[in-house]
Amino acid sequence: MDEMLQPLIDWLHAQPFQQTFAGTFWIVPTAQTIHILCVAIVMTGALVIALRGMGLVGKEWSLARWQARFHGATVAALWVLLATGIVMTIAEPERELLNIIFRAKMLAVIVTLIVAHFLSRSLRAATSDRPIGAGVRLVAVLVLLSWMGIAAAGRWIAYAG
Amino acid sequence: MIDSLLETISNSPMAIYMAEDPFAFPTVETFHVISLVIVFGSILLVDLRLMGLASRDYSISGLSRTILPITWVAFLVAAITGGLLFASNAYGYFGNTAFRIKLLLLVLAGLNMLVFHFVTQRRGNLDGPGLVPGGARLAGLLSAMLWIGIIACGRWIGFTMSPF
């Protein structure tokens, strides 16, 4: 895998924009800050949905209403996460692309997005105050835990080469 | 006095463990980031409602009652883990400008919350749906800006000093 990615890394290093991203002191910290703010939006949505599914918070709204409240913000935050993630990867390609935790994180993001998509479809139907099924509740908690694991992996990229 | 306090912190068994164990700092930092993310996200939910930008059919008092317990639990975890991270290099953090600004913004966010709770909330009726008085909207805007600043400073600490 490393050999496969090395040409991409070499190509990136040859690009003027890569040198700008890597050489401008404020670009990576700013991208990381925006990245964390967007993680907050995604994770808070997942947390409130999981807790509402268990009947612990936000009882004035149905799950479908909460789902609608978070959907647009979560989708927008995910796009910004992708953009800031690309900026960070361009600035430090070896640190990201050759890192096993980064690869595991990307795989987890894809799986979580797929599961979260199907969860959101189930939640759209949860318009009444009736408790949702145990399976949907479990998936909501798993999506939350998965986002937490992804955030944790993001931090550990800095420590694992 | 500050020097002796920093020395006491630096020589504590917990500080030495945090500085020397290769997994302690990254693990505690991970919990710190996740808890801070939840603090910011949950506060933002209430701030956006205060500003009238989202959830306008949810009463502010109802939203605060249901969301702020999450914020407080996450804040407690963030404060404990933040204290442990500080202990790992007390002199380094204390001398770091981004860290000092972060603490200052935390104090300002606390003051903003106290003013909102004890003055703005008591003056205005925040139990109904719809827009709230200007003071409450300003409190929401200030809170969101201060917490964005806190997160930014937290990230800048990592770029302006070595963790150990």
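This is a predicted model: local features need pLDDT of at least 70, side-chain atom pairs count only at pLDDT 80 or more; totals for chains, interfaces and linings use all residues.
Colleague: Let's start with the aromatic rings. Why is the pair of Trp72(B) and Phe75(B) called edge-to-face?

Modeller: The ring centres of Trp72(B) and Phe75(B) are 6.0 Å apart, and rings pair when their centres lie within 6.5 Å. Their planes meet at 80°, and an angle over 60 degrees counts as edge-to-face, so that is the name the pair gets.

Colleague: How are Trp72(B) and Phe75(B) separated along helix 4 of chain B?

Modeller: They are 3 residues apart in that helix, which means a separation of about one helical turn.

Colleague: And what makes Trp72(B) and Phe75(B) partly exposed?

Modeller: Trp72(B) has a relative accessible area of 49% and Phe75(B) has 31%. Buried means under 20% and exposed means over 50%, so Trp72(B) is classed as partly exposed, and so is Phe75(B).

Colleague: Why is the pair of Phe86(B) and Tyr93(B) called tilted?

Modeller: Here the centres are 6.2 Å apart and the planes stand at 35°. Stacked needs under 30 degrees and edge-to-face needs over 60, so the pair of Phe86(B) and Tyr93(B) is tilted.

Colleague: How do you know whether Phe86(B) and Tyr93(B) are buried or exposed?

Modeller: The cut-off for buried is under 20%. Phe86(B) has a relative accessible area of 15%, so Phe86(B) is buried. Tyr93(B), at 8%, therefore counts as buried too.

Colleague: How many aromatic pairs are there over all chains?

Modeller: The count comes to 14. There is also an aromatic cluster formed by Trp61(A), Trp66(A), Phe70(A) and Tyr58(B).

Colleague: What lies over the face of Trp61(A)?

Modeller: Arg65(A) does, at 4.0 Å from the ring centre. In chain B, the charged end of Arg100(B) sits over the ring of Phe94(B), 4.6 Å from its centre. The distance limit for a charge over a ring is 6 Å.

How values were computed
Residues are numbered from 1 along each chain as its sequence is written. Chains are lettered from A and ligands numbered from 1 in the order in which they are written. Side-chain values use heavy atoms; hydrogens and water are left out. Helices (H or I, at least four residues) and strands (E, at least two) are DSSP runs, numbered from the N terminus. Buried means under 20% relative accessible area, exposed over 50%, partly exposed in between (1.4 Å probe, protein chains only). A charge sits over a ring if NZ of Lys or CZ of Arg is within 6 Å of the ring centre and within 35 degrees of the ring normal.
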